[in-house]
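Here are some notes to read beside the model. Please keep the structure open and find each residue as it comes up.

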Amino acid sequence: MKINDADGAEIDSEMSIVLEDGYFGLILESWGPKVRNKDYNKALEVIIHRLKLFGLKRIEIFLASSGIRKSLKNMDDRRIKNHVDGFFYIDKDSATDNRLSISKSQKFFDATGKKQVASGNGTKRILIHAKDLNSENAWVQILGLNNNQPLKVVNISSLKEKDPGKYLQIPALKPEGQINPLKITKTVTVFERDPKVVEWVLFTSYGKCENCNSDAPFISINGEPFLEVHHVVSLSEGGPDTVDNCVALCPNCHRKMHFCNERDDLKSALYSKVTRLKKYYS
């Protein structure tokens, strides 16, 4: 399988998600003399960059060519080291710097084992292992793969704005969060609502959602069935704060009215379900 770069162009370098010698990870095939996998270096940088974007801090790299696996049976002997602990700390350096460090370390190996003097081709078949990426789906999502087919992946910083649905499908690694979150002050404009309208709409619903007709999900602390009052035509769109523009909804239906991709159809259906409603237009 192959991946695409940020512009959607396919990168000419084969890779595979495997469990090899007890380590789960991504195999990146080596560049060969017949111009096979000619974009190896570019692919490695893109992979590291995407791992960085998802919050990964360190990775392990192992040589994985058939020759070196026969010569060095122990996985740790095939480890490419950048630091004494055997990790590449990708959060501290750029993807290019990490790729160069990996290539430099690779040159101390040949098909028979490790050498004292660096030489030879620095782009050999490698296994990229990350402790937090222990499933095929995790690698598929981060690399932007869909059923082993290339899928354009944009920078994660802009993905949420460009394609919120795709953003939600990509499981980011566990974030560190903030021990002391920054406090900010915002100025917002809100509409003053008539409490009598709210009270009337809730009372006449008899504890049932006026969209799905299900019972309120729980009893609130004041002893009443918990439902939320929704303005069919929102106040911000010029809708009135009147009982003929309001319905009592369970929290799930209320969220659907605001965020579901079929919310316009749901809104239209309300007029058939709740006879007191009057059609107002923004």
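1. K2 is buried, with a relative accessible area of 19%. Buried means under 20% relative accessible area, exposed means over 50%, and partly exposed lies in between (1.4 Å probe, protein chains only). The model is predicted, so local features need pLDDT of at least 70 and side-chain atom pairs count only at pLDDT 80 or more, while totals for chains, interfaces and linings use all residues. Residues are numbered from 1 along each chain as its sequence is written, and side-chain values use heavy atoms, with hydrogens and water left out.

2. Which residue forms a salt bridge with K2? It is E14, and the closest N and O atoms are 3.9 Å apart. A salt bridge here is a side-chain nitrogen of Lys or Arg within 4 Å of a carboxyl oxygen of Asp or Glu. Both E14 and K2 lie in the segment before β1, so the pair ties together parts that are twelve residues apart in sequence. E14 counts as partly exposed, at 31% relative accessibility. D12 belongs here too: K2, D12 and E14 are linked in a network of salt bridges.

3. Side chains of opposite charge can pair when their charged atoms come close. A search of the whole structure finds nine salt bridges. One of them joins R125 and E29, at 3.0 Å from N to O. R125 sits in the loop between β6 (113-114) and β7, and E29 in the loop between β2 and α1. The two are 96 residues apart, so please trace how the pair links distant parts of the chain. Both R125 and E29 are buried.

4. Now take K208 and D215. Their side chains meet in a salt bridge, 2.7 Å from N to O. Are these residues buried or exposed? K208 is partly exposed, at 34% relative accessibility. D215 is exposed, with a relative accessible area of 52%.

5. The chain has nine helices and eleven strands. These are DSSP runs, numbered from the N terminus: helices are H or I, at least four residues, and strands are E, at least two. Five strands form an open sheet in the order β1-β2-β7-β3-β4, with antiparallel pairing. Strands pair if DSSP finds at least two bridges between them. β1 and β4 (79-80) are the edge strands, and each pairs on one side only. β1 and β2 run antiparallel and are joined by six bridges. For L19, the bridge partner in β2 is F24.

6. Nonpolar side chains tend to be buried together in soluble globular proteins. A nonpolar core is a set of buried Ala, Val, Leu, Ile, Met, Phe, Trp, Tyr and Cys residues joined through side-chain atoms within 4.5 Å. The largest one has 37 residues, and those with the most contacts inside it include M15, I47 and W139. Elements that give two or more residues to this core include β1 (15-20), β2 (23-28), α1 (40-53) and β7 (126-129). The largest share, seven residues, comes from α1.

7. Which residues does I47 touch, leaving aside its neighbours within four places in sequence? It is in contact (heavy atoms within 4.5 Å) with I3, M15, L26, L28, I128, W139 and L143. A second, separate core has 21 residues, among them L227, V232, A248 and M257.

8. Last, the whole chain. Buried residues make up 40% of its 282 residues. Among contacts with a separation of 6 or more, 62% join residues 24 or more positions apart.
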